[in-house]
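Hello,

Here is the structure I promised to pass on to you. Please open it beside this message, and I will walk you through what turned up.

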Amino acid sequence: MHEPQRSGASPPRRSRLHRRLGFVLCAALVLWLAGQGLGWFGSDADSFAVPQGEPEAALPAVRGLGAARVVVPEAAAAAAVPMAPSRTGDQGGREGAEQLPAPGVAPAASPAGEAAPVQGGSPAPPAPAAAATAADAAEGLDDAVATGASLVRFLVAERRHARGEAALAALTEVANATPSGRATVAILAAELDALAKALVDELAAALTAGQVLLAADLWSRLRGVGDRPPAEVAQRLAAQGLELLLRPLPSAAVGSVGDEPVPLPRQRRVRVAGLGLARLLRWEARQASVDAGNGTFPVVPHHDLEPIDATADEAVEMGWAAGCGGAWAMARLWLLCAERRAGPGGLGARAVSLRAVCGG
């Protein structure tokens, strides 16, 4: 008799399926374990592998609470920037670390003698002592220029051109060091040039008027060392017909050749240098006695006398008298005065001889 047939899988077939699935799972587990051991499936991304042959403690690491361990590679540790020592003076824990110089201190030289690299930042300010010395030097220079300029202006006010030129030459050596000093020198030079022009014009006018003592004073203010005025003054003198004053002075006395002057008449009204108006009392060989008033009768050299409103002939004789006393500059002034005051007939032989001995 046959049993009825049941629906679904039979028990033998299901057991075979279970056995095959278990076998596959076991094989997959074995392959997975083998792959982990051989490194087929990569490494942990949160850490670096420790190099073989080095202990883990030899590598610097950063650890934190609840954080994964991070091992720093050797190359990264070598590139780390050294830290400056603390202000507390702690010298431990950083042997061999680079020491940064303090602000404003120059870097020390390297052992090979080469200068250490200059640290960045603005250059150190100059030392207070050096700055003070430079300021003192500049102030001293300004004071020297101001003092020299004051002296030149004083001499200009006193109308002493020759001495003013000498003072300006000394000032120029100091003042040329600064632009303001050079400007001061230029202004003073212009003032001296204006003074020279005025003095030359007054000199020519005084000679024409017969005021030889005034002309002598003006000439003394113009001429420099060795009775030779500066080039600008010489040009102005030549333009006024006074080039005779620029020639070398003679060395021989006029009296040695017997050219004695004709004396002025008694009671002639004269002007005496340093005394003023007087009357001639007595004419002697090298000097004269005058009545200066108030009961005074001084004796003065001939070149200190000036006949009031002198004629051309009197001017020539006064030139001879000055030459006999060795006052050659005064003799030339009298000759120039005679030439300017001569009439239409001109001067005679005495004037020609006087010009010859005066270097004309």
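A word on exposure to begin with: a residue is buried when its relative accessible area is under 20%, exposed when it is over 50%, and partly exposed in between, using a 1.4 Å probe and protein chains only. By that scale Arg 282 is partly exposed, at 47% relative accessibility.

Please keep in mind that this is a predicted model, in which local features need pLDDT of at least 70 and side-chain atom pairs count only at pLDDT 80 or more, while totals for chains, interfaces and linings use all residues. Residues are numbered from 1 along each chain as its sequence is written, and side-chain values use heavy atoms, with hydrogens and water left out.

Salt bridges

The search of the whole structure gave eleven salt bridges (a side-chain nitrogen of Lys or Arg within 4 Å of a carboxyl oxygen of Asp or Glu). One of them joins Arg 282 to Glu 284, with the closest N and O atoms 2.9 Å apart. Glu 284 is partly exposed, at 26% relative accessibility.

Another pairs the side chains of Arg 271 and Glu 306, at 2.4 Å from N to O. This pair links distant parts of the chain, with Arg 271 in strand S3 and Glu 306 in strand S7, 35 residues apart. (Helices, H or I with at least four residues, and strands, E with at least two, are DSSP runs numbered from the N terminus.) Glu 306 is buried at 2% relative accessibility, whereas Arg 271 is partly exposed at 31%.

Helices H9 and H10

Glu 339 belongs to H9 and Arg 355 to H10, so the bridge ties together parts that are 16 residues apart in sequence. Both are partly exposed, Glu 339 with a relative accessible area of 33% and Arg 355 with 24%.

H9 (residues 328-341) and H10 (residues 349-357) pack at an angle of about 145°, and their axes are 10 Å apart. Here the axes are lines fitted to C-alpha atoms, for helices over the stretch in contact, and angles run from 0 to 180 degrees between N-to-C directions. Trp 328, Leu 335, Leu 336 and Glu 339 make the contact from H9, and Ala 351, Leu 354, Arg 355 and Val 357 make it from H10 (contact means heavy atoms within 4.5 Å).

Helix H6 and its neighbours

H6 (residues 212-222) is mostly covered, with eight of its eleven residues buried. Among these buried residues are Trp 219 and Arg 221. The buried residues of H6 pack against helices H4, H5, H7 and H9, and against strands S3 and S7.

H5 and H6 pack at an angle of about 155°, with axes 9 Å apart. That makes the two helices roughly antiparallel (under 35 degrees counts as roughly parallel, over 145 as roughly antiparallel, 65 to 115 as roughly perpendicular and the rest as oblique). In their contact, residues of H5 including Leu 199, Glu 202 and Leu 203 meet residues of H6 including Leu 218, Trp 219 and Arg 221.

A buried arginine

Finally, have a look at Arg 268, in the loop between H7 and S3. Arg 268 is buried, with a relative accessible area of 16%. Leaving aside residues up to four places away in sequence, Arg 268 touches Ala 278, Arg 279, Leu 280, Pro 307, Ile 308, Asp 309, Ala 310 and Glu 314.

Enjoy exploring!
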